[in-house]
Amino acid sequence: MKSRSTGGLVYSTELGRTCPACRQAVAQCACRSAGAVPATDGIVRVSRETKGRNGKGVTLVKGLGLEPAALAQLGKQLKAACGSGGTTKDGVIEVQGDHCERVIGWLQARGHTVKRAGG
């Protein structure tokens with residue numbers, strides 16, 4: 001027989017989907033938003049990569065050490081400055097195209113220490 005003490009409520013007709021840990025609605029979940037910010041050495045690394053993208057290049061920005069919401073906002077501003085699309089996932093901002101020099105200049109103007117990584 002399975003113990004129910006370790007399980008949690010997953011769906012409620014009042015709240016919709018709920019977090020099993022804190023039993024709040026997923027949109028208001030406190031335990032997921034309290035995720036740890038990754039430790040960095042203070043240097044933002046900008047590189048260009050084509051691996052796994054059928055030869056299409058993207059500019060990668062790593063090492064910012066921001067919370068996911070702040071990283072997504074910075075990614076949005078960075079994509080707008082480059083006039084290009086992209087995404088933010090796993091603590092890395094991806095900007096479509098080869099915009100390394102533009103990204104480096106943009107980040108340095110906002111006070112970040114930036115290094116060009118890779119070739």
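Mentor: The largest nonpolar core has 16 residues, and those that touch the most other members are V46, V61, L64, L78, I93, V103 and L107. A nonpolar core here is a set of buried Ala, Val, Leu, Ile, Met, Phe, Trp, Tyr and Cys residues joined through side-chain atoms within 4.5 Å. Buried means under 20% relative accessible area, exposed means over 50%, and partly exposed lies in between, with a 1.4 Å probe and protein chains only. The model is predicted, so local features need pLDDT of at least 70 and side-chain atom pairs count only at pLDDT 80 or more, while totals for chains, interfaces and linings use all residues. Residues are numbered from 1 along each chain as its sequence is written, and side-chain values use heavy atoms, with hydrogens and water left out.

At least two residues of this core come from each of strand 3, helix 2, strand 6 (92-96) and helix 3. Helix 3 gives the most, with 5 residues. Helices (H or I, at least four residues) and strands (E, at least two) are DSSP runs, numbered from the N terminus. In soluble globular proteins, nonpolar side chains tend to be buried together.

Now helix 3 itself. In this helix, residues 100-109, the buried residues are C100, V103, I104, W106 and L107. These residues lie on the same side of helix 3 because they cover an arc of only 165° around the axis; the arc is that of the directions from the helix axis to the C-beta atoms. An α-helix has 3.6 residues a turn, so residues three or four places apart point the same way. E101 and A109, on the other side of helix 3, are exposed. The cover over the buried residues includes strand 3 (43-49), strand 4 (58-62), helix 2 (68-82) and strand 7 (113-116). Just after the helix, G111 has a positive phi of about 90°.

Contact means heavy atoms within 4.5 Å. Leaving aside neighbours within four places in sequence, V46 is in contact with residues including C100, V103, I104 and L107. Its other contacts include T59, L60, V61 and V114.

Two strands pair if DSSP finds at least two bridges between them.

Strand 3 and strand 4 run antiparallel and are joined by 5 bridges; S47 stands opposite L60 in strand 4. Strand 3 and strand 7 run parallel, joined by 4 bridges, and V44 stands opposite V114 in strand 7.

Last, the loops. N54 lies in the loop between strand 3 and strand 4 and has a positive phi of about 55° although it is not a glycine. N54 is exposed, with a relative accessible area of 81%. D90, in the loop between strand 5 (86-89) and strand 6, also has a positive phi of about 55° without being a glycine, and D90 is exposed at 79% relative accessible area. S84 sits in the loop between helix 2 and strand 5. Leaving aside neighbours within four places in sequence, S84 is in contact with K79, V95, Q96 and H99.

For the whole protein, there are 3 helices and 7 strands, in the pattern β-β-α-β-β-α-β-β-α-β along the sequence. Of the 119 residues, 29% count as buried.
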